[in-house]
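Here is a short report on one protein model. Look at the sequence and the structure, then read on.

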Amino acid sequence: MVRYNFPEYKLELDIPAEVYFPAEDTFFLINNLNLNENIRLVYEIGGGSGIISIVLAKNFEKTRFIVSDISSTATKMIRSNCKLNRLNSQIDVICMDKLNAMRYLSPEVIIWNPPYLPEDSETQKHPITDKLMITGGKRGFEEIFDLIISLQCSKANTSLYTIFSSIAWDEDNFEEITEKGVRFEIIKELKLFFEKLYLVRIDFGDYNG
Ligand SMILES: C[S@@+](CC[C@H](N)C(=O)[O-])C[C@H]1O[C@@H](n2cnc3c(N)ncnc32)[C@H](O)[C@@H]1O
């Protein structure tokens, strides 16, 4: 395990090889989330190293965070990185599939930088832990669609911030989301060498954070 310094965010994180190393998508999300300081509770799914909630918790001292990851190694790292950055009283960590272990969904904001690439013959060869970090199903967005449907069914009053990639997604899929009766907005686009990333906000219920 190696300790890495992220001077832009004034923090250090321990990140083992089995945990997603913060990349362009991570920084794109952190730098373009437009949260307000009155937000009481944020859930982050798939925290990886914990970087997104750790940076946000440093900036929003009154906000509480609950961070999940399906990987037990990532969950342990998020917990220890929270301690390393003295934020363990502001951030709780749970190992679970998306938000499936939560009985009531009451956060104003949910964040997930999800695995968003489609499975193909190449990714099939990856170990399961790597696949969980990068592939979101055969079309690439089944995992995030599952979450959208469960939030819609639970009548949660919340805003979900997430990322889609042009490798997996095109404008027809926008309609697949709006057909589910939620409000949808592209907040920002990031053009990379081989793909475009979209940071989107999806509003459920009345919430518009
Ligand atoms: C692209 S990585 C993002 C990690 C970190 N948030 C970041 O931006 O650097 C996706 C994360 O989602 C986690 N993950 C994948 N499927 C999940 C699921 N069903 N429930 C919770 N976490 C999941 C992976 O283990 C991985 O840590």
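Strands E8 and E9 pair in the antiparallel sense, over 8 bridges. Strand E9 covers residues 196–203. Within E9, Ile 202 stands opposite Phe 184. Keep in mind that this is a predicted model.

Now the whole sheet. It is open and has 7 strands, in the order E5-E4-E3-E6-E7-E9-E8. Their pairing is mixed. Which strands stand at the edges? They are E5 and E8. Each has a single partner strand, so one side of each is left without a neighbour in the sheet. On average, neighbouring strands are turned by 20° against each other, direction ignored.

Helix H2 packs on this sheet. Its direction makes about 175° with that of E4. The table lists the strands that H2 touches.

| Strand touched by H2 | Residues |
|---|---|
| E3 | 41–45 |
| E4 | 64–69 |
| E5 | 91–95 |
| E6 | 109–112 |

Next, the core. The largest nonpolar core holds 49 residues. Ile 52, Ile 91, Ile 110, Ile 111 and Phe 164 touch the most other members. Helix H2 (residues 51–59) gives the most to this core, with 6 residues. What does Ile 91 touch, not counting residues up to four places away in sequence? Its contacts are Ser 53, Ala 57, Phe 65, Val 67 and Cys 82.

Last, Asn 31. This residue lies in helix H1, which spans residues 24–32. Asn 31 counts as partly exposed because it has 13 C-beta neighbours inside 10 Å. Asn 31 and Thr 63 are 32 residues apart in sequence. In space, they are 18 Å apart, C-alpha to C-alpha.

Notes. Residues are numbered from 1 along each chain as its sequence is written. This is a predicted model: local features need pLDDT of at least 70, side-chain atom pairs count only at pLDDT 80 or more; totals for chains, interfaces and linings use all residues. Helices (H or I, at least four residues) and strands (E, at least two) are DSSP runs, numbered from the N terminus. A residue is buried if 20 or more other C-beta atoms lie within 10 Å of its own, exposed if 12 or fewer, and partly exposed in between; C-beta atoms are placed from the backbone. A nonpolar core is a set of buried Ala, Val, Leu, Ile, Met, Phe, Trp, Tyr and Cys residues joined through C-beta atoms within 7 Å. Two residues are in contact if their C-beta atoms, placed from the backbone, lie within 7 Å. Two strands pair if DSSP finds at least two bridges between them. Axes are lines fitted to C-alpha atoms, for helices over the stretch in contact, and angles run from 0 to 180 degrees between N-to-C directions.
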